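User: Please take a close look at one part of this model. I would like a connected account of it, with the numbers.

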Amino acid sequence: MERLAPELIAELKEKKEPDKGLPPLNIKGRLVMRFAPNPNGPPTIGSSRGIIVNSEYTKKYGGKFIIRFDDTDPATKRPMLEAYDWYLDDCEWLGAKPDEVVIASDRILKYYEVARQLIEKGSAYVCFCEQEEFKALKDVKKACLHRDEEIGKNLESWKKMISGEFKEQEAVLRIKTDIAHKDPAIRDWVAFRIIKTPHPRHEVGGKYNVWPLLDFEGAVEDHLLGTTLIIRGKDLADSEIRQRYVYKYMDWKYPETMHWGRVQIHEFGKLSTSGLKKAISEGTYTGWDDPRLPTIRALRRRGIRSEALRKFMVELGLGETDISLSLDTLYAENRKIVDPVANRYFFVWAPVELEVEGAEPKVAKAPFHPSRGEMREIPVGTKVLICQSDVDNLKEGERLRLKDLYNIQVTGISPLTARFIGTDMDIVKKEKGRIIHWAPPDGQKVRVLSPDGEYSGIGERGLEKELDKVVQFERFGFVRIDSVRDDEVLAYFTHK
RNA sequence: GCUCCGAUAGUGUAGCACGGCCAAUCAUGUCAGACUCUCACUCUGACGACUGGGGUUCAAAUCCCCAUCGGAGCACCA
């Protein structure tokens, strides 16, 4: 068999190994993909899926990856100036540096040009209907009287729109589709509307009175950029049908498309950009990198590695199912990366002081990492701090181990008292005694910011040296040492 | 109301385009155990799913129909 049909054997083997992650692409010609956010807030975990998957594909197939800022709504979804750089910065951090960056608000004239051509072809018209008026007609598959206006008149109205002769709401430019299309969402959609609010970018400001809507801007851009494959949310599936009209009129070739479902994250639930913006300005959150937020900036600050996020997103694959996922998988991925390199430290939250009767001051030695030899040194007197949560579980007479220090026996609960009973580790093992961590009372003040609140306590001296690194606070979890202020170490919780 | 998607274990995913190899993959999770001077890591084992009903067929997770459930669009938002 092997001799007769080696290719069959190869095929069998291949089938045995299921295709993990992103499905293979079947594209002819060069792969050009784009990720097109509205920079009205910072990139979130959701955005990272788009960034990662697009860049992953273009890397794999030697294609081109473009970031396009769809910032054509200066009013309702007003762009945020800082967000442009945030996107670029987070892309780079994710290992998805774009080959090209395009800003839609720089290219309004190009859209005007296409609009003019469409009007000349009789494929677009200026409509003066009020919204409800048009909707009423549309719902019964009827055209409004503007639809049949002559081309010359339309061109003239279009010029007036652009030059600002009309008020907002007074006129729009519609693309002719099929007014009787069975899907009401397709019928003569709006391509441009009048917005007089200046754009936040100073390069643009009040230059334009007329702004394209996403379907039009995206349609033109994807052609201009030579996009060959679009991956977009299922919610934008109808866009394709609408945009295809423009492509047909202009005789362009529509890119291939794929869709994915909505992603919801258990830990964060439904949070809207605008809602977050408000909560931040009200002080509910400390900023866009507050550890409680689902932004990439927050994950970065918490010490999540980009490789972990990439892997996580790639393994989600591409499905049209709406998914609701838990960050546990991301954390597990990150833990695997971080655990072998993170130094260990003691951190005692909600500390309780304990005087150990009969103990001698000494310098405790504990390994930086259980699988490596280097030791850290912790000088300690006769008093130690231990966690309130450990104290709660103590019983009088209980013998336990202060990790890397010595053994003690609890002689009283309230007030808490204990005495030194030796240093022998073998006894602890034999008795299966509990081992708890501790900190010297004159240790380093530490504050940990985590998604479920703040922890204050005392850690070991030496944490300052771990600035910007992820360390493990034993029996607490992984943490990124963020900064040192007023002799207090500030850490961000990564995960357990 | 009209229209378009989708549905595999707690979660996510493989398999579905070409029906049999699927008593259904992998990861994560949970539980149990081993290892360990951490409730981390590692290792071992267990748990756990084809939404329902019809049909086609020798044979259906895979094809068809209906139902149910979920999501989305019908915006001068993206």
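Is Tyr254 buried or exposed, and what is its relative accessible area?

Analyst: The model is predicted. Tyr254 has a relative accessible area of 6%. The cut-off for buried is under 20%, so Tyr254 is buried.

Now its ring partner. Tyr247 and Tyr254 form an edge-to-face aromatic pair. Their centres are 4.7 Å apart, with 70° between the planes. Tyr247 is also buried, with a relative accessible area of 2%.

Tyr247 pairs with Trp252 too, again edge-to-face. Here the values are 5.3 Å centre to centre and 85° between the planes. Both Tyr247 and Trp252 are buried.

The count of aromatic pairs comes to 24. Elsewhere, ring pairs link Tyr112, Trp158, Phe192, Tyr208, Trp211 and Phe216 into a cluster.

Some rings carry a charge over the face. Arg201 lies over Tyr84, 5.8 Å from the ring centre. The charged end of Arg376 sits over Phe346, 4.8 Å from the centre of that ring.

Next, the RNA. There are 54 residues around RNA strand B. They divide into 17 nonpolar, 9 polar and 28 charged. Lys77, Arg193, Arg401, Lys403 and Arg475 come nearest. Asp73 places a polar side-chain atom 3.2 Å from a sugar or linking oxygen. For Asp70, a backbone N or O atom lies 2.9 Å from a sugar or linking oxygen.

Helix 8 (237–250) is among the elements that give two or more residues to this surface. Helix 12 gives the largest share, 4 residues.

Definitions and conventions: Residues are numbered from 1 along each chain as its sequence is written. Chains are lettered from A and ligands numbered from 1 in the order in which they are written. This is a predicted model: local features need pLDDT of at least 70, side-chain atom pairs count only at pLDDT 80 or more; totals for chains, interfaces and linings use all residues. Side-chain values use heavy atoms; hydrogens and water are left out. Rings of Phe, Tyr and Trp (its six-membered ring) pair if their centres lie within 6.5 Å; planes under 30 degrees apart count as stacked, over 60 as edge-to-face and the rest as tilted. Buried means under 20% relative accessible area, exposed over 50%, partly exposed in between (1.4 Å probe, protein chains only). A charge sits over a ring if NZ of Lys or CZ of Arg is within 6 Å of the ring centre and within 35 degrees of the ring normal. A residue is near a molecule or strand if one of its heavy atoms lies within 4 Å of it. A polar contact is a pair of N or O atoms within 3.5 Å; within protein, one must be able to donate a hydrogen and the other to accept it, and residues adjacent in sequence count only if both atoms are side-chain atoms. Ala, Val, Leu, Ile, Met, Phe, Trp, Tyr, Cys and Pro count as nonpolar, Asp, Glu, Lys and Arg as charged, and the others, Gly among them, as polar.
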